[in-house]
Amino acid sequence: MRVAHTPPAPSQAPTRSYDRVPPMTTKPAAQTPPKEAHVLAIPENDSWEQLERDLADCQGCKLATLGRSSIVIGAGNRHASICLVGEGPGFEEDRQGKPFVGASGQKLDQIMRAIGWQRDELYICNVIKCRPPQNRDPQLDEMTVCAHFLKRQLALLKPTIILALGRFAGNFFWGTMATPKTMNQMRQKILSYHSAKVICTYHPSALLRNETLRRPVWEDVRALHNLHSQLKGEALKYNKMSLIYPEVSDA
Ligand code: SF4
């Protein structure tokens, strides 16, 4: 879904906050969600084709006018039971019109291969579909409007399990985009999103810049694999109690 805007000179310098892993005790300031948050319903008889039509040249938030080259809808297997959700397109994703194709995408592939999953078994998308200028963090008004499309994607896909990558995706599933939780508060728990189970972990870009996150991410993806096996009634590949996360009922 390419659009005709000519982007300003792009910068690859990442400035998103996952590059600056915050102190775990710091709670980000609450923001007020825009009124659009609850007014958009999922259309009856929705389809992937309808979703693509509705997203083509979307003007739903200010990111439509801030230099995007592409609307990055998602990629992968539309019959997958496993869905990975990041936060938004970066430089390379915006250029190619596909999610997770830059350095963070390579890291993600590496992580998935480590637990035996290939891209063609997965569906991958983001909370927002357009790149914020200079890779800044997505803002609440942008996420609130664009999350409507993510909800439609997930309703069409009907995944069994979801891996939320990074704080912004995590807070979407926790329902706390306006009063965001830290990753430390969201990790090592299983929550429900409709019929899917969700685990949150750090964004691969954070991992590229902070080697100390390798261990928690590795734990989380092994717990995700275990969860998938459990739901399919299969034997656990990683048979360790710490890799069987508890479910939360009040997320
Ligand atoms: S970020 Fe989402 S809501 Fe905003 S213009 Fe892009 S597709 Fe539309």
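This is a predicted model: local features need pLDDT of at least 70, side-chain atom pairs count only at pLDDT 80 or more; totals for chains, interfaces and linings use all residues.
**Figure 1. Asp 109 and Arg 119 form a salt bridge, with their closest N and O atoms 2.6 Å apart.** A salt bridge here is a side-chain nitrogen of Lys or Arg within 4 Å of a carboxyl oxygen of Asp or Glu. Asp 109 sits in helix 3 (residues 103–114) and Arg 119 in the loop between helix 3 and strand 3 (122–126), so the pair ties together parts that are ten residues apart in sequence. Asp 109 is partly exposed, at 21% relative accessible area, and Arg 119 is also partly exposed, at 28%. Buried means under 20% relative accessible area, exposed over 50%, and partly exposed in between (1.4 Å probe, protein chains only).

Residues are numbered from 1 along each chain as its sequence is written, and side-chain values use heavy atoms, with hydrogens and water left out.

**Figure 2. Arg 68 meets Asp 57 in a salt bridge, the closest N and O atoms lying 3.3 Å apart.** Both residues belong to the loop between helix 1 (48–55) and strand 1 (75–76), eleven residues apart. Arg 68 is buried, with a relative accessible area of 1%, whereas Asp 57 is partly exposed at 43%.

Figure 3. In the Arg 214 and Glu 211 pair, the closest N and O atoms are 3.4 Å apart. The structure holds 15 salt bridges.

**Figure 4. The whole chain, for orientation, has eight helices and six strands.** Helices (H or I, at least four residues) and strands (E, at least two) are DSSP runs, numbered from the N terminus. Along the sequence, their pattern is α-β-β-α-α-β-α-β-α-α-β-β-α-α. Of the 251 residues in the protein chain, 51% are buried. Among contacts (heavy atoms within 4.5 Å) between residues at least 6 apart in sequence, 76% join residues at least 24 apart. The protein chain exposes about 11,900 Å², of which carbon and sulfur atoms supply 51%; accessible areas come from the Shrake-Rupley method with a 1.4 Å probe, and for residues only the protein chains shown count as cover.
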